[in-house]
Amino acid sequence: MSDKIEFQIKNLGVPKFKSPLQLSTVRGDNIFTFISETDKLVFDTSLEGYTQCLANNEEPLCLEKAGPRQNIHFEPKNFNAAIVTCGGLCPGINNVIRGIVMALHYFYDVKKILGVPYGFEGLNPAMGHGFIELTPDKVKDIHQFGGTILGSSRGAQDVSLMVDTLVENDIQMLFTIGGDGTLKGCNAIGEEIMKRGLDISVVGIPKTIDNDVDIIDKSFGFETAFDIASPILKDAHNEAHGAYNGISIVKLMGRDSGFIAASASLAMPVVNFVLVPEMDFNLYGENGFLEILKNRLETKHHAVIVVAEGAGQHLFEKDDIVTDASGNVQHDDIGLFLKQKIKEYFSEVFPVTIKYIDPSYIIRSAAANSGDSVFCSSLAYQAVHGAMSGKTQFVVGKVNDKFVYLPISAVVSKRKKIDLESGFWFAVLQSTGQPFSIK
């Protein structure tokens with residue numbers, strides 16, 4: 001369990017300005033009430049955790065509740081803000097951009113909001129990207145489209161140089177929308193800012209379609225991803241069912257965590273096998289995958305296989321580990337590998353028809369669905385409220401279904417993965433009928 005210090009949010013100073021928001025300070029008047037710094041939420045809500053705190057006579061580990069504060073650090077109108085999007089595409093990025101701009105402009109009367117083009121590259125003047133001025137009129141319709149109007153890129157830039165750019169352009173607030181590498185970069189920028197004694201807040205809005213950010217309940221775009229994937233699985237089932245001993249293989253996103261593959265399979269229960277990075281499996285042998293697949297075809301004469309992109313990497317012979325510009329391990333293509341191995345195996349057993357589908361780029365570039373759209377707006381608003389109060393080097397997210405602020409360092413220490421002993425994974429096994437172990 002994390003130490004209490006890990007959930008403490010850094011602040012730029014004591015807030016000294018009154019919020020322009022006309023909210024309440026008392027309960028019972030039917031007006032939303034300002035959030036107090038003493039408003040905390042218990043992290044571990046289990047009876048076991050509660051009992052342990054009682055037995056040890058200690059306070060439970062708590063999180064800062066997100067929301068607007070009565071006193072804010074930055075004086076409205078008198079500062080500039082910037083937004084940057086990094087890494088791969090994900091449904092909902094434009095929704096978050098729109099929400100941040102609208103909240104800054106209409107809630108806090110911030111007049112100058114800059115968009116940083118093409119990720120952290122945009123904070124390096126040598127790249128020549130410049131800035132894009134963002135106004136409510138410019139962003140009012142962008143939520144209808146996928147991708148990011150700011151563009152994106154992978155890879156780090158010189159931290160000191162990026163901070164210089166913020167200072168030279170009089171930017172006091174930077175919102176970074178990205179995954180693990182982006183959040184680490186945001187934290188590094190925050191550390192450099194603190195070292196220089198600058199009055200600049202940096203905020204992270206976690207973006208990972210794989211839903212692998214630690215601690216938080218879910219990341220935006222994830223719900224849209226498995227929502228879009230579900231009808232694709234239905235079509236894959238139709239393809240498999242339309243041929244005698246037909247097999248459909250669908251590869252979905254999930255570099256280190258198989259949440260999309262598992263959730264899509266639960267949402268569209270026509271899937272017979274789900275292979276995720278968290279599980280180890282063998283291809284051959286009495287209990288190996290190919291033998292279990294053969295048994296399935298002998299009885300049902302069709303099969304649908306969903307595989308996450310990071311599954312089965314132990315099956316490849318690798319001499320070196322190759323990473324992309326963001327530091328992520330580049331995986332071999334498990335989908336095409338499975339297709340080839342299935343083809344080879346059944347060439348000596350009985351004829352099969354194999355269809356292979358990879359909809360990854362279609363899914364990640366789609367616009368957010370209704371659920372994610374609501375979630376993205378809320379994340380944006382809470383991020384703005386936190387930044388205005390002078391908090392820095394934090395992310396906003398939901399924990400135990402409540403919006404909270406977390407230090408960036410807490411969520412990037414490790415990736416969230418499927419617990420193979422959890423009820424969630426058991427539900428996947430019940431839906432597919434695949435055995436607990438394929439070894």
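Which backbone oxygen lies 3.0 Å from a polar atom of the side chain of Asn80? The views below begin with that of Asp170. The model is predicted, so local features need pLDDT of at least 70 and side-chain atom pairs count only at pLDDT 80 or more, while totals for chains, interfaces and linings use all residues. Residues are numbered from 1 along each chain as its sequence is written, and side-chain values use heavy atoms, with hydrogens and water left out.

View 1. Strands (E, at least two residues) and helices (H or I, at least four) are DSSP runs, numbered from the N terminus. Asn80 has a relative accessible area of 12% and is therefore buried (buried is under 20%, exposed over 50%, partly exposed in between; 1.4 Å probe, protein chains only). Beyond its neighbours within four places in sequence, Asn80 is in contact with Lys112, Asn169, Asp170, Ile171, Gln172 and Met173 (contact means heavy atoms within 4.5 Å).

**View 2. The open sheet E12-E13-E11-E14.** Four strands make up this sheet, and their pairing is parallel (two strands pair if DSSP finds at least two bridges between them). Strand E12 (273–275) and strand E14 (353–357) are the edge strands, each pairing on one side only. On average, neighbouring strands are turned by 15° against each other, direction ignored (axes are lines fitted to C-alpha atoms, for helices over the stretch in contact, and angles run from 0 to 180 degrees between N-to-C directions). Strand E11 (residues 246–252) is joined to E14 by five bridges, and Val250 stands opposite Ile357 in E14. Helix H8 lies across E11, E12 and E13, at about 145° to E13.

**View 3. Helix H11 (residues 370–388) and its ends.** The 19 residues of H11 should span 27 Å at 1.5 Å a residue, and the end C-alpha atoms are 28 Å apart, which agrees (the expected span is 1.5 Å times one less than the number of residues). At the start of H11, a side-chain oxygen of Asn369 comes within 3.3 Å of the backbone nitrogen of Gly371. Just after H11, Gly390 has a positive phi of about 95°.

**View 4. Loop residues Asn30 and His301.** Asn30, in the loop between strand E2 (17–18) and strand E3 (40–42), has a positive phi of about 65° although it is not a glycine. Asn30 counts as exposed, at 82% relative accessibility. His301, between helix H8 (289–300) and strand E13 (302–308), also is not a glycine and has a positive phi of about 65°; with a relative accessible area of 26%, His301 is partly exposed.

Technical notes. A polar contact is a pair of N or O atoms within 3.5 Å; within protein, one must be able to donate a hydrogen and the other to accept it, and residues adjacent in sequence count only if both atoms are side-chain atoms.
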